[in-house]
Amino acid sequence: MRIGIDVGGTNTDAVVMDGKTVVATTKTPTTENITDGIVTALSAVVTESGLDVENLDGVMIGTTHFTNAMVERRRLEQTACIRLGLPATVCLPPLVDWPDDIADALGRHTYLGHGGHEFDGREISAFDRNEIRDIVDSIQSKGINAIAISSVFSPVNAEFEEQTAETVLEVMPEANITLSSTIGRIGLLERENAAVMNACLRSLAVSTVSGFKKALTEMNITAPFFISQNDGTLMNADFAADYPVLTFASGPTNSMRGAAFLSDLKDAIVVDVGGTTTDVGVLQQGFPRVAATAVSIGGVRTNFRMPDTLSIGLGGGSIVGQDPMTIGPQSVGFQLTEKAQVFGGDVLTATDIAVAGGRVVVGDKTLVSDLEANLVENVNQKIQEMVSVAVDRMKTSAALVPAVIVGGGSILVQDHIEGTSNILKPENYSVANAIGAAIAQVGGETDRVFSLAEMSRDEALAQAKNEATERAVSAGANADTIEIVDVEEVPLAYLPGNATRIMVKAVGDLAGGI
Amino acid sequence: MKSKITIDDVNALGIGAGILGTGGGGDPYLEGIQLRRELEKHGSQTLLDPQMIDENVLAVVVGMIGAPTAGIEKLREGTEIIRAVRLLERHLGQKFGAIVIAEIGGANSMGPLVTGLQAGVPTVDGDGMGRAFPELQMCSFLLQGDVTVAPLAMADAGVATAVIPKTKTAVWSERLARNLATSMGATAGLACMVMTGKQVKEYCVPYTVSLACRLGERVIQARAKNEDVSDVIARSLGGKVQLRGKITDVFRRTTRGWAQGNLTVESFSDSSVRLEINFQNEFLIAKENGNVVATVPDMICIVVEETGEPIPTERLYYGARVAVIVVPGAAVLKTSDALQVVGPRAFGYDIEFSPLPGDLPASGEILHD
């Protein structure tokens, strides 16, 4: 038995799954402190399923908390970025192409120092510890604790990033440091962006993950606990506290995988209508279609592999304006059950329109009975139009494809969308995300240096793929479902013997479960 | 054709130049940021019509030389090209009145616009390749023999600069400049091929800055209208979509200052159909199940299948869903003299050039249906 939990901006959903069977589901509002909402959701599903928590094999949590913080520029810590590469890289300094509001939120504390490597491993310039000490003094005097460190060609040689971190820790032993070489691939600007985002989210991540733990402790759950990452695989919770950026886009991945599971479709458009946003993605052969080029998060360019989704500001909590007529992107979010009119509040939301139009029964319909029929009809039409435009943008051809509608706000969408062959709202559609978390896959990675003087490249690749596959299997993946999802090679020209760094990731379904 | 480049053109130019880059010339994204910043300061950069250029003006060809794989890590210091230009001016004791783009493909379309802004000199609407090529001797300016690569000047990201006053041949200039560029970290600014306005007019591949902008604008429009973007690109340039599929292997090395390697694309519709593509900074040869379907100087472009976003060689990755588009090269590159320098044999492949039908559009406008 497994529990999947999805902590969204509006709702916290939980499901209990026994193999392929959904045993219990619940949806509760996300709470400000996160823990309470999770405890409420857990209590509900544990009671409903009659589950003995001793028998739990694992708890999987998916969360959009960190993505939302980035997109909404909330609770981001002031962060310094130290880049080593002078005299190169000056004309494109750290944060160079970031939207102003987010760069301002982080404080624009950017520093360039000497160091970095050439493509062949030579030093661009010598590492200068005194220069770094001066930078650290400046950072410390500003009272900043979050620090991202990048260095030119650090995926080839990370020594300068590591030496910089040592120097920082001598002066600021409590500093929260992210090294770009630990999270990214070749491409300095994108890798550094990810490191900076990670650093500014670290303190939020630490408190969030401890909130998760607290909730599980309160429920006396001792089963292993994982957090889902953007490729649909799981990571250990402590690792997630150190690398919150790895959860980016895990929400869409989970909802798409959940939709594939619930609908039994391999190829479809997935429309996930939440409280604040609607995410449209594409399932191809049962997997979320991955974006091919750089993906931006909150306007910041990264080189993560992420599902290709289109997000629009439409959800159950979207605020409806009347003169002129507007829908979203502002949302009452997790305060839907206090602020929406059908719940006695004074804010007109998309949910109120759906209730007034007779599309769904929630709250008290009489509280919206005085809404003009004209308004209800116009807003409803606009909502359908927003969805069909988004679906159309994600389609790869004019051919009609099925659409799977999931998420708590699915009630907003009618039973027909332009450009689709048919609409499916599978059972348990509203908790697809939590189901996606519960059926998350396990991955195995290998990342090491091969000498091509001793073996051919094909042999090295085959060996790396085997290692990754074996690791995925020993982490619990069913060998028959394993797929190689990522292969990356970095030639290390500075080492003798034609050395190359090969990174491979293999992913498979949990054995014995799904 | 366009008379100037403004900040609103940078996005379209980057897309168009990325497609014409056939994988090389560097990612226009990074250089685009620098171009935007310069345009914010200066307003716009004037484009010179190559047919109307003053025949006596002294012009210089500029660009970045090196391996794009190095360029996305060791980012620009920002003055590499302008320092090389100033050094060459001092060496010659003359000032340049026009900046010429060596290759329209990739980031090298942007650097010469930045240099023009920094120097206060217009940039010619045209280039020496109509695409991107890995080596200096492959420039159209050199085909008649009265323009030489040297004297040339180079600058690294920092303080080092160098002049090569004279070499025996263009290939020797390439060899020396390449070694210097490799020593400079496989990324350096270059100023070379000093010539008159008359020579620019006669030898350049004309109106390619305009063509790149128009192509980029068309791609943006096609995305907004949800057209088949890959197909739109192919038709706009008189080419065709050769294959749509997934990249199943990428092999690359940064050797002798180049990004070299090959990749395999497996067709979506029939996994037994595979394209194997060799590259040396740019895509050179495409073979479908062993049969040659396109070679230099015709163009092999790889774009994201759904969006038409060009993918440079340094950003190719396993699993990417792409369309491979083949496009006829510029007419000037396909004469028998030119083929000795830019044909498949010039790259070490024992393959005859069999041209795709047509030529790259030469008016600065894309083809319409």
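Let's start with burial: a residue is called buried when its relative accessible area is under 20%, exposed when over 50%, and partly exposed in between, using a 1.4 Å probe and protein chains only. With that in hand, take Thr22(B), which is buried at a relative accessible area of 0%. Most residues other than glycine have a negative phi, and most peptide bonds are trans.

A word on the ground rules. This is a predicted model, in which local features need pLDDT of at least 70 and side-chain atom pairs count only at pLDDT 80 or more, while totals for chains, interfaces and linings use all residues. Residues are numbered from 1 along each chain as its sequence is written, chains are lettered from A and ligands numbered from 1 in the order in which they are written, and side-chain values use heavy atoms, with hydrogens and water left out.

Back to Thr22(B), which sits in the loop between α1 and α2 of chain B. Helices here are DSSP runs of H or I with at least four residues, strands are runs of E with at least two, and both are numbered from the N terminus.

Who does the touching? On the α1(B) side, the contact uses Val10(B), Asn11(B), Leu13(B), Gly14(B) and Gly18(B); α2(B) brings Pro28(B), Gly32(B), Leu35(B), Arg36(B) and Leu39(B). Contact means heavy atoms within 4.5 Å. By class, this contact of α1(B) with α2(B) has five nonpolar, four polar and one charged residues. Ala, Val, Leu, Ile, Met, Phe, Trp, Tyr, Cys and Pro count as nonpolar, Asp, Glu, Lys and Arg as charged, and the others, Gly among them, as polar.

Thr89(A) has a positive phi of about 75 degrees although it is not a glycine. Thr89(A) lies in the loop between β5 (79–86) and α3 (100–106) of chain A, and is buried at 0% relative accessibility.

Now for cis peptide bonds. One joins Asp323(A) and Pro324(A), with omega about 0 degrees, and Pro324(A) is in the loop between β17 (318–322) and β18 (325–331) of chain A. Another runs from Val296(B) to Pro297(B), with omega near 5 degrees, and Pro297(B) is in the loop between β14 and β15 of chain B.

Asp298(B) pairs with Lys334(B) at 4.0 Å, N to O. Asp298(B) lies in the loop between β14 (291–295) and β15 (299–304), and Lys334(B) in the loop between β16 (321–327) and α10 (336–342), so the pair ties together parts of chain B that are 36 residues apart in sequence. Asp298(B) is buried at 1%, and Lys334(B) is buried at 17%.

How many salt bridges are there over all chains? The count comes to 45. In one of them, Glu217(B) meets Lys2(B) at 3.9 Å, N to O. Glu217(B) lies in helix α8 (residues 208–224) and Lys2(B) in the segment before β1 (4–6), so this pair ties together parts of chain B that are 215 residues apart in sequence. Glu217(B) is partly exposed at 32%, whereas Lys2(B) is buried at 13%. Both belong to a network of salt bridges that also links Asp9(B), Arg214(B) and Glu365(B).

Conventions
A salt bridge is a side-chain nitrogen of Lys or Arg within 4 Å of a carboxyl oxygen of Asp or Glu.
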